[in-house]
Amino acid sequence: MLDRRHRFRRAARTAAVAAIGVVVLASCGSDTGPSNKQNALRPAGPNAKKILDLTRPFFWVAVVIGLGVLFGTIYVAIRFRAKPGEDREPKQVHGNTKLEVSWTIIPALILAIMAVPTIATVFSLAKRPSGPDVVHVTVSARQWWWQYTYTDPNNGIITANEMHIPIDVPVALTLVGPPKCSGDGCYNNGVIHSFWVPELNGKKDVVPGRTQFLTIEASRPGTFLGQCAEYCGLSHANMRLRVIAEPMDQYKTWVQSQLDVKPKADLEKGVEADKWGCQSCHSFEAKVAGAVAPNLTKLATRCAFAGDIFTTNKENLTNWIYNAPSLKPMGNLTQHMPNFSEQGMTKDEAASIAQFLLDNTNSGSVPPPECKS
Ligand code: CUA
């Protein structure tokens, strides 16, 4: 009777462990888990897939080794435990050459074998794409937003946080670090950032004074979210980005919308009337980067602003213009969107600037792209 109960309990325990194991392992398969647009287990292009293809077998190797060690330890602990009332010394040994050599050589061999596909993948991901189709974009990291300059083709489009790319075309990113911070007039951008869109490729640091390269490519249309992945100050968590991958014809429409700038006079009318000095930081010329802040000529074609954290609409823009530091911590950054409410701006003035921007920074004739979150 006692024996049967004991056996039943043991079977129940085994079943529970197996069930938990299945649940845990099921979450590791590909194409599962949250579709949060930031899931490295759901690669959306060849580069991210190469990383997953490397990760997956290594994961299972680690599972086998981990379980072997775990169950080996449990087995030894149970098998050789002191039984009640037993009073014996275990056999005393000192060293075991055969064991020590084997547990040095076997892991070294496993690591050496795993190094082969790892190095191959590193080199394969580092290869820079070439050819007439390749889209080249220079990515500059700022505190706390991203600037993209489409260098070739579409020479000169400048935008922020939101990058449009055509599908099935490699996009060669040149990641330019912020200027090195030195001495007086030190520009507060001299910190390390990291560009990461998990579904399109691994992360790559953006380092002051250095230039790095990363290729992203999407095999299907969609919005893929990204994140600065290196702590870069108070609003590191507010330094997001999105990549919108679209079929070539839609991408070309977007390019046209970025080139089709409202007559400069329209913008300047508003900018001249601007007593708050927006243009001392922001650029209102299509192909000129802002001094320290995003180019605003196409603001209303972007789904979100301020490091991709607020949806572009009148209410959010008004609040941002009125008192930005209350919405995104700026810390002791010397150059940042100020608190204009402290300088005497009224909410109504902020709202009219927001409306002006929405009216004048969409596109001359091409409708702004739809924002699917
Ligand atoms: Cu930029 Cu963290």
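A: The bend at a residue is the angle between two fitted axes, one for the seven residues that end there and one for the seven that start there. In this predicted model, helix H3 (residues 97–126) has a kink of about 25° at Ala 115, shortly before the proline Pro 117. The end-to-end distance of H3 can be checked as well: at 1.5 Å a residue, its 30 residues should span 44 Å, and the end C-alpha atoms are 43 Å apart, which agrees.

The partner of H3 is considered next. Two packed helices are described by the angle between their axes and the distance between the axes. For helix H2 (residues 46–79) and H3, the axes come within 10 Å and cross at roughly 170°. Angles over 145 degrees count as roughly antiparallel, and H2 and H3 are therefore roughly antiparallel to each other. On the H2 side, the contact comprises Asn 47, Lys 50, Ile 51, Leu 54, Phe 58, Val 61 and Ile 65. These residues meet Ile 110, Met 114, Pro 117, Thr 118, Thr 121, Ser 124 and Leu 125 in H3. By class, the contact residues divide into 9 nonpolar, 4 polar and 1 charged.

Elsewhere in the model, 5 strands form an open sheet with mixed pairing, in the order E4-E10-E9-E6-E7. Strands E4 (162–166) and E7 (204–206) stand at the edges, each with a single partner strand, so one side of each is left without a neighbour in the sheet. With direction ignored, neighbouring strands of this sheet are turned by 25° against each other on average. Within the sheet, E6 (residues 193–196) and E9 (residues 222–228) pair in the antiparallel sense over 2 bridges, and Trp 196 stands opposite Gln 227 in E9. Helix H4 (residues 248–259) lies across E4 and strand E10 (240–246), at about 135° to E4.

Three loops complete the account. Most residues other than glycine have a negative phi, and most peptide bonds are trans. The peptide bond from Gln 143 to Trp 144 is cis, with omega near -5°; Trp 144 lies in the loop between strand E1 (135–142) and strand E2 (145–152). Asp 152 and Pro 153 are also joined by a cis peptide bond, with omega about -10°, and Pro 153 is in the loop between E2 and strand E3 (157–160). Asn 161, which is not a glycine, has a positive phi of about 65° and is placed in the loop between E3 and E4.

Terms used. Residues numbered from 1 in each chain as written. Predicted model: local features only at pLDDT ≥ 70, side-chain atom pairs only at ≥ 80, totals over all residues. Heavy atoms only, no water. Pairing = 2+ DSSP bridges. Helix = DSSP H or I, 4+ residues; strand = E, 2+ residues; numbered from the N terminus. Axes fitted to C-alpha atoms, helices over the stretch in contact; angles between N-to-C directions. Contact = heavy atoms within 4.5 Å. Parallel < 35°, antiparallel > 145°, perpendicular 65-115°, else oblique. Nonpolar A, V, L, I, M, F, W, Y, C, P; charged D, E, K, R; others polar. Expected span 1.5 Å × (residues − 1).
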